[in-house]
Amino acid sequence: MFTVIINQPGYLPEVEPVDFDSCSEAWSYVADEIERAWENDDVFEGSFIEQHKRNKRWSEVWQSTLAEGVPGGRVAPDGFVYCVEVAE
């Protein structure tokens, strides 16, 4: 069993952990959550170059979750940490 925990450092998690049977299922869930956060990140200030850099950071975090096969964590540009852990 694997558990996904999403939180902002210094705060309690906003939602209960979600359990999955495999690590790849857990990372797929994390990728979906990161994509959803990216789409809802409504910071449209700045130049085209700044927006491109912002989208590149989001894209790199999202792509890295798709390739992940072991437990660990990712910090998204919005400051949230997305973790996959082995459930005890």
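View A. The side chains of Glu33 and Arg36 meet in a salt bridge, with 2.4 Å from N to O. This is a predicted model. Both Glu33 and Arg36 belong to helix α1 (residues 23-40). They sit 3 residues apart, about one turn of the helix. Arg36 is partly exposed, at 43% relative accessibility. The count of salt bridges comes to 2.

View B. Glu60 pairs with Lys56 in a salt bridge. Their closest N and O atoms are 2.3 Å apart. The two residues lie 4 residues apart in helix α2 (residues 48-67), so about one helical turn separates them. Glu60 is partly exposed, with 43% relative accessibility. Lys56 is partly exposed as well, with a relative accessible area of 44%. Side chains of opposite charge can pair when their charged atoms come close.

**View C. The surroundings of Arg74.** Arg74 lies in strand β3 (residues 72-75). Its side chain makes a polar contact of 2.9 Å with the side chain of Ser64. Which residue of β4 is the bridge partner of Arg74? That partner is Tyr82. Leaving aside residues up to four places away in sequence, Arg74 touches Trp27, Val61, Ser64, Thr65, Glu68, Phe80, Val81 and Tyr82.

**View D. Strand pairing around β4.** Strand β1 (residues 2-7) and strand β4 (residues 81-86) pair in the antiparallel sense. How many bridges join them? There are 6 bridges between β1 and β4. Within this pairing, Phe2 stands opposite Val86 in β4. Strands β3 and β4 also run antiparallel, joined by 4 bridges. Gly72 has Val84 in β4 as its bridge partner. The hairpin of β3 and β4 has 5 residues between the strands. In this hairpin, Gly79 takes a positive phi near 90°.

**View E. The largest nonpolar core.** This core holds 18 residues. Val4, Ala26, Val30, Ile34, Tyr82 and Val84 touch the most other members. Two or more residues come from each of β1, α1, α2 and β4. Helix α1 gives the largest share of the core, 7 residues. What does Val30 touch, not counting residues up to four places away in sequence? Val30 touches Val4, Thr65, Tyr82 and Val84.

**View F. Aromatic pairs.** The count of aromatic pairs comes to 2. Phe20 and Tyr29 form a tilted pair. Their ring centres are 5.2 Å apart, with 45° between the planes. Is Phe20 buried or exposed? Phe20 is buried, at a relative accessible area of 15%. Tyr29 is partly exposed, at 24% relative accessibility. Trp38 and Trp58 form a stacked pair, 6.5 Å centre to centre. The angle between their planes is 5°. This pair links distant parts of the chain, 20 residues apart: Trp38 in helix α1 and Trp58 in helix α2. Trp38 is partly exposed, with 21% relative accessibility. Trp58 is buried, with 0%.

Technical notes: Residues numbered from 1 in each chain as written. Predicted model: local features only at pLDDT ≥ 70, side-chain atom pairs only at ≥ 80, totals over all residues. Heavy atoms only, no water. Polar contact = N/O pair within 3.5 Å; in protein donor to acceptor, adjacent residues only side chain to side chain. Contact = heavy atoms within 4.5 Å. Salt bridge = Lys/Arg side-chain N within 4 Å of Asp/Glu carboxyl O. Buried < 20%, exposed > 50% of the residue type's maximum accessible area, 1.4 Å probe, protein only. Pairing = 2+ DSSP bridges. Core = buried A, V, L, I, M, F, W, Y, C linked by side-chain atoms within 4.5 Å. Phe/Tyr/Trp six-rings, centres within 6.5 Å; stacked < 30°, edge-to-face > 60°.
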